[in-house]
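Subject: Structure handover

Hello,

Here is the structure you asked about, with notes on the side-chain contacts below it. Please read the notes with the model open.

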Amino acid sequence: MSSSPAPSSPRADANDVRPVAMVTGAVRRVGRAIAIELARCGVDLHLTSRRDARELDDTAEACRAASGGRVRIERHVADFSSAGALDALRKSLSSLDRLDALVHNASSYGPTPLDAVKVEDVEHHVLVNAAAPLVLTTAARPALERSILAGGGSVVCFSDIHVLGRPRRNYVAYQMSKGALTVMVEALARELAPRVRINAIAPGVVAWPDGTSVQERAAYEARTPLDRSGTPEDAAAMVRWLVLEAPFVTGEVIRLDGG
C-alpha cells in the first residue's frame, strides 16, 4: 500500500502552503510509518516522543528524505501519563495558527490480569489512551477549524479490533480505555462538525509486539481471510486516506484487520 503514488499535496493557494499535521508517538512502528507517509504527501509535521526529542531524529530524517526535503518538522516531548507534560503540549496546540490533522497514535498497551488489576493500572491506560486525546483534540480545535483541507481539519484516533466485539483475556484495562476512546470519536463527530472531522481506525495486528512467537503469528494469519498480518504501512495508508482523501467521512470506526 505504501508504494502507491503520493496524492497531490493540498494547497490553499499558489504559494505552496502545505498542510500541517501532528502525529503523536512518532518514534517507531506505526507512528513512524504515519509520519513518513504524510511527509511523502508534502505535509509539514509536528512529531511527539514520550521521553526525548532526540529519539525523533531518525524519524525526522526519514520524513525529510521521503518528502525530498520539502517539509518542515517540529519535535515535542510529551509523556501522556504526566499531567505536566500533557498540559505543555495542550498549550502548544492552543497556540498554533493552523493545524490540518491531529493523529492520536501514542498509546499505552499491556496486560492487566483480572486477579492482579489495580486502580493505578486502569487510570494509566485511561489517561494515555482516552483522556489525552480528548484534551488535545479540544485544545487543537481552533487551529483545526482553520484547516486548508477541503473537508476541514481531520482527527484520527487508533482504537482496537478487540473492543469491537473481540475482547482478549487479561487486557481489561487497556480495552476499557480504547472503548472510551471509541465512544469519544462518535460523540465528538457531532461536537466538532462541520469544520472538523474525526474518525478512528480499529486495527488487528499491524505491528507484532516484541517477543511474539512464530507459532502465534502463523496461527493468527491462518484465521485471517487475507492470509497475512497487517503492517505499519497499511495503517499509515489508511491515515493518509482519512486525512487527505475522505472529506465526507466523520464519526466512523474503520476496521483494519484483513477481514
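Which residue forms a salt bridge with Arg64? The partner is Glu61, and the closest N and O atoms are 2.7 Å apart. Please keep in mind that this is a predicted model.

Salt bridges

Arg64 and Glu61 both lie in helix H2 (residues 57–66); because they are three residues apart there, about one helical turn separates them. Arg64 is partly exposed, at 33% relative accessible area.

The count of salt bridges comes to 16. Among them is the one between Asp52 and Arg54, with closest N and O atoms 2.6 Å apart. Asp52 is partly exposed, with a relative accessible area of 24%, while Arg54 is exposed at 62%. Another salt bridge joins the side chains of Arg228 and Asp234, at 2.9 Å from N to O. Here Arg228 is partly exposed, with 39% relative accessibility, and Asp234 is buried, with 6%. Glu37, Arg40, Arg240 and Glu245 belong to one network, joined by salt bridges that share partners.

Asp160 sits in the loop between strand S5 (153–158) and helix H5 (172–192). Asp160 is buried but has no salt bridge. The nearest side chain of opposite charge is that of Lys178, 6.5 Å away; a salt bridge needs the nitrogen within 4 Å of a carboxyl oxygen. What the side chain of Asp160 does have is a polar contact of 2.6 Å with the side chain of Tyr174, and it reaches the backbone nitrogen of His162 at 2.8 Å. Beyond neighbours within four places in sequence, Asp160 is in contact with Tyr174, Lys178, Ile201, Ala202 and Pro203.

Aromatic pairs

There are three aromatic pairs. Tyr109 and Tyr174 form an edge-to-face pair, because their ring planes are at 85°, with the centres 4.9 Å apart. This pair links distant parts of the chain: Tyr109 is in the loop between strand S4 (101–104) and helix H4 (119–144), and Tyr174 is in helix H5, 65 residues apart. Tyr109 is partly exposed at 42% relative accessible area, whereas Tyr174 is buried at 6%.

Trp208 and Tyr220 also pair edge-to-face, with ring centres 5.4 Å apart and planes at 80°. Trp208 lies in the loop between strand S6 (196–203) and helix H6 (214–222), and Tyr220 in helix H6. Trp208 is buried, with a relative accessible area of 13%, and Tyr220 is buried with 16%. Ring pairs also link Tyr109, Tyr171 and Tyr174 into a cluster.

Regards

Definitions and conventions: Residues numbered from 1 in each chain as written. Predicted model: local features only at pLDDT ≥ 70, side-chain atom pairs only at ≥ 80, totals over all residues. Heavy atoms only, no water. Helix = DSSP H or I, 4+ residues; strand = E, 2+ residues; numbered from the N terminus. Buried < 20%, exposed > 50% of the residue type's maximum accessible area, 1.4 Å probe, protein only. Lys, Arg positive; Asp, Glu negative; His and termini not counted. Polar contact = N/O pair within 3.5 Å; in protein donor to acceptor, adjacent residues only side chain to side chain. Contact = heavy atoms within 4.5 Å. Phe/Tyr/Trp six-rings, centres within 6.5 Å; stacked < 30°, edge-to-face > 60°.
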